[in-house]
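Hi everyone, thanks for coming along. Please have the sequence and the 3D view open, and we'll walk through them together.

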Amino acid sequence: MTTNSAEPTINEVAAYWNRRPCNVRHSPREVGSREYFDEVEERKYFVEPHIPGFADFARWKGKRVLEIGCGIGTDAVNFVRAGAQYSAIELSAESLALTRRRFETYGLEGNLVLGNAEQLDQLFSAEQFDLVYSFGVIHHTPRPRAVIDAARRVIRPDGEFRFMLYARNSWKALMIEAGLDQPEAQFGCPIALTFTEDDVRQLLDGAFRIEAVTQDHIFPYVIEKYVKYEYEVQPWFRAMPQEMFAALQSRLGWHLMIKALPV
Ligand SMILES: C[S@@+](CC[C@H](N)C(=O)[O-])C[C@H]1O[C@@H](n2cnc3c(N)ncnc32)[C@H](O)[C@@H]1O
């Protein structure tokens with residue numbers, strides 16, 4: 001597990017995500033409009049097509065789901081549309097406001113709570129969730145183990161924990177080390193930890209056991225075009241047969257996706 005900066009505070013983390021909520025530029029349309037939210041979703045699952053399979057929204061129909069770090073709510077609306085009883089905890093007020101607006105826009109219902117997931121067990125009662133889900137969040141918080149402990153308390157004994165952490169052994173981590181990339185779209189992310197599978201095992205120790213780990217996601221597009229909503233694949237990836245790129249993603253993808261069960 002490695003960190004980018006010396007002991008940033010939770011307030012610095014919140015300020016960073018308030019300045020620019022995650023994926024907020026996924027559409028050039030008026031922020032908060034229905035067209036905007038539709039385009040945000042389209043782009044998110046175009047660029048990260050592994051997410052719906054991992055979240056498996058339909059599986060949680062009628063179940064109680066807690067999302068840690070919903071951001072601007074793309075996965076959130078899909079859990080609710082699939083029939084989940086959905087709650088979320090999100091640190092960034094700006095992000096949560098957009099999720100709230102998104103729920104209103106589509107007439108969806110959920111329990112959306114502003115707060116620090118490191119203390120989520122003070123906001124939700126024990127052993128109530130069938131699924132605790134978190135995509136790309138726990139590596140951004142100062143005390144990841146506190147989130148794990150809190151998640152353990154609110155999950156049902158027969159519940160499941162699905163979450164994504166950034167992978168230490170990844171193409172992206174290599175590029176960041178080489179000074180050729182940065183962890184997030186916005187410069188200066190206060191905390192972006194990376195994990196090996198062994199790190200994940202240690203992180204979960206005594207709270208959850210790993211059921212499955214998969215790795216995916218190498219971002220292949222030319223950034224200068226991507227920010228203009230054009231999708232041109234980098235020439236070095238374009239030259240690869242699809243199976244070769246898929247093999248690379250499954251070994252060196254940035255997203256380490258973990259399914260774990262409480263112990
Ligand atoms: C990379 S974004 C991911 C958002 C969303 N899961 C998605 O996939 O679009 C990280 C999110 O985690 C939230 N976050 C970071 N630390 C948190 C904490 N301690 N408690 C709750 N949310 C947190 C940030 O505010 C931000 O919205």
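Let's start with Tyr229, which counts as partly exposed at 29% relative accessibility. On that scale, buried means under 20% relative accessible area, exposed means over 50%, and partly exposed is in between, using a 1.4 Å probe and protein chains only. Tyr229 is found in the loop between H9 and helix H10 (235–238). Helices (H or I, at least four residues) and strands (E, at least two) are DSSP runs, numbered from the N terminus. Tyr229 also has a positive phi of about 65 degrees, although it is not a glycine.

Before going on, a word on where this comes from. It is a predicted model, where local features need pLDDT of at least 70 and side-chain atom pairs count only at pLDDT 80 or more, while totals for chains, interfaces and linings use all residues. Residues are numbered from 1 along each chain as its sequence is written, and side-chain values use heavy atoms, with hydrogens and water left out.

Now find Asn23, another residue other than glycine with a positive phi, near 70 degrees. Asn23 sits in the loop between H1 and helix H2 (34–47). Is Asn23 buried or exposed? Asn23 is buried, with a relative accessible area of 16%.

Next, the ligand. How many residues surround the ligand? There are 21, and the closest are Gly69, Glu90, Asn116, Ala117 and Thr141; near here means that one of a residue's heavy atoms lies within 4 Å. This shell divides into nine nonpolar, nine polar and three charged residues. The largest share of the shell, three residues, comes from helix H1 (residues 10–19).

Look at the polar contacts too (pairs of N or O atoms within 3.5 Å). A polar side-chain atom of Asn116 is 2.8 Å from a nitrogen atom of the ligand. Gly69 has a polar backbone atom 2.8 Å from a ligand nitrogen, and a polar backbone atom of Ala117 is also 2.8 Å from a ligand nitrogen. The protein covers 97% of the 600 Å² of accessible area that the ligand has on its own, by the Shrake-Rupley method with a 1.4 Å probe.

On to the core. In soluble globular proteins, nonpolar side chains tend to be buried together. The largest nonpolar core here has 73 residues, and Phe79, Tyr86, Phe161 and Leu204 have the most contacts inside it. Such a core is a set of buried Ala, Val, Leu, Ile, Met, Phe, Trp, Tyr and Cys residues joined through side-chain atoms within 4.5 Å. Strand S5 (residues 155–166) gives the largest share of this core, six residues. Leaving aside neighbours within four places in sequence, Phe161 is in contact (heavy atoms within 4.5 Å) with residues including Ile148, Ala151, Leu204 and Phe208.

Two of those names lead us to helix H6 (residues 144–154), where the buried residues include Ile148 and Ala151. What covers the buried residues of H6 includes strand S1 (64–68), strand S4 (129–135) and S5.

Last stop: Ile51, in helix H3 (residues 51–55). Ile51 is buried, with a relative accessible area of 0%. Ile51 and Phe135 are 84 residues apart in sequence, yet 8.6 Å apart in space, C-alpha to C-alpha.

Key:
Polar contact = N/O pair within 3.5 Å; in protein donor to acceptor, adjacent residues only side chain to side chain. Nonpolar A, V, L, I, M, F, W, Y, C, P; charged D, E, K, R; others polar.
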